[in-house]
Amino acid sequence: MYEMLKEFVRPEFLVGVPVLYLIGMWIKQSAVVDKHIPWMLGCIGVVGCMAWTVATMTAFDWQSVLAGLCSAAVQGVLCAGASVYVNQVVKQAGK
């Protein structure tokens with residue numbers, strides 16, 4: 001699975017997968033309904049990746065910003081999806 005992640009997720013965003021997994025575990029302990037957790041992780045992942053992208057940008061013309069934010073949104077969704085996948089693998093392995 002790690003090789004597949006490396007193929008699609010940029011290396012600087014790979015740390016987001018375990019971070020989102022831990023955030024999801026924390027949210028699960030709260031009163032949030034389980035079906036909302038993947039959506040919340042997706043939003044957190046997208047915002048986090050966008051923040052990282054903007055913070056590390058070197059060019060600030062509108063095309064670079066738009067391309068960076070779109071790429072970051074995709075990376076955020078991929079990180080959130082991977083964290084939910086890891087959660088399900090752990091859950092299914094325990095059965």
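**Salt bridges and the nonpolar core**

Arg10 and Glu12 form a salt bridge, with 2.8 Å between the closest N and O atoms. The term denotes a side-chain nitrogen of Lys or Arg within 4 Å of a carboxyl oxygen of Asp or Glu. Arg10 is partly exposed, at 32% relative accessible area. Glu12 is partly exposed as well, at 33%. Here buried means under 20% relative accessible area, exposed over 50%, and partly exposed in between (1.4 Å probe, protein chains only).

The model is predicted, and local features need pLDDT of at least 70, side-chain atom pairs count only at pLDDT 80 or more, and totals for chains, interfaces and linings use all residues. Residues are numbered from 1 along each chain as its sequence is written, and side-chain values use heavy atoms, with hydrogens and water left out.

A search of the whole structure gives three salt bridges. Side chains of opposite charge can pair when their charged atoms come close. Asp34 pairs with Lys28 in a salt bridge, the closest N and O atoms lying 2.7 Å apart. Asp34 is partly exposed, at 43% relative accessibility. Lys28 is partly exposed, at 37%. Glu3 and Lys6 are joined by a salt bridge between their side chains (3.7 Å, N to O). Both residues belong to helix α1 (residues 2-8), and they are three residues apart, so about one helical turn separates them. Helices (H or I, at least four residues) and strands (E, at least two) are DSSP runs, numbered from the N terminus. Glu3 counts as exposed, at 55% relative accessibility. Lys6 is partly exposed, at 41%.

The largest nonpolar core has 14 residues. Such a core is a set of buried Ala, Val, Leu, Ile, Met, Phe, Trp, Tyr and Cys residues joined through side-chain atoms within 4.5 Å. Leu5, Val9, Phe13, Leu20, Leu41 and Cys79 touch the most other members. Helices α2 (16-28), α3 (37-55) and α4 (62-93) each give two or more residues to this core. The largest share, four residues, comes from α4. In soluble globular proteins, nonpolar side chains tend to be buried together.

Contacts (heavy atoms within 4.5 Å) were also listed for individual residues. Leu20 touches Leu41, Ile44, Gly45, Cys79, Ala80 and Ser83, leaving out residues up to four places away in sequence. Thr53 lies in helix α3. Thr53 is buried, at 7% relative accessible area. Neighbours within four places in sequence aside, Thr53 is in contact with Phe13, Gly68 and Ala72.
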